[in-house]
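Hi everyone, thanks for coming. Let me put the model up, and then we'll walk through a helix and some rings.

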Amino acid sequence: MGSKYTKRYTEEFKRDAIALVDSSGKTVTAVARELGISSESLRGWYRKAKADRGQDQGDELTSAEREELRRLRRENREQQQTIEILKKATAFFVKENDR
């Protein structure tokens, strides 16, 4: 739902921007201003990187945890669909058996 003007940044650019925040001692906002990017974008990348390194004490999920959650939700959705199909098949065969 983003704007058609939304910029896409390479993973290398994101890594370099995060490294700049870590090494320079400057705030995320200051580094973002220097790079000409949104401070909120850089802040999000920085939080995600900290979570992936295990440095985040908050509720932020690591990339691996996010991927596992995505996989489990997909698997759950597929199993729910299978259950619904089996319920309908059971009802059909019960009805056929009563004839």
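Ala-17, Ile-18 and Val-21 are the buried residues to look at in helix 1, where buried means under 20% relative accessible area, exposed over 50% and partly exposed in between, with a 1.4 Å probe and protein chains only. They cover an arc of only 95° around the axis, so they sit on the same side of helix 1; that arc is taken from the directions from the helix axis to the C-beta atoms. Helices here are DSSP runs of H or I with at least four residues, numbered from the N terminus.

A word on the ground rules: this is a predicted model, with local features needing pLDDT of at least 70, side-chain atom pairs counting only at pLDDT 80 or more, and totals for chains, interfaces and linings using all residues. Residues are numbered from 1 along each chain as its sequence is written, and side-chain values use heavy atoms, leaving out hydrogens and water.

What does the buried side of helix 1 pack against? Its buried residues meet helix 2 (28-35) and helix 3 (39-52), with contact meaning heavy atoms within 4.5 Å. On the face turned away from that side you'll find Glu-12, Arg-15 and Ser-23, which are exposed. After helix 1 comes Gly-25, with a positive phi near 80°.

Now the rings. Tyr-9, Phe-13 and Trp-45 form one aromatic cluster; rings of Phe, Tyr and Trp (its six-membered ring) pair if their centres lie within 6.5 Å, and planes under 30 degrees apart are stacked, over 60 edge-to-face, the rest tilted. At 14% relative accessibility, Trp-45 counts as buried, while Phe-13, at 26%, counts as partly exposed. Phe-13 and Trp-45 pair edge-to-face, 6.3 Å centre to centre with 85° between the planes. Thanks, happy to chat!

Notes:
Helix = DSSP H or I, 4+ residues; strand = E, 2+ residues; numbered from the N terminus.
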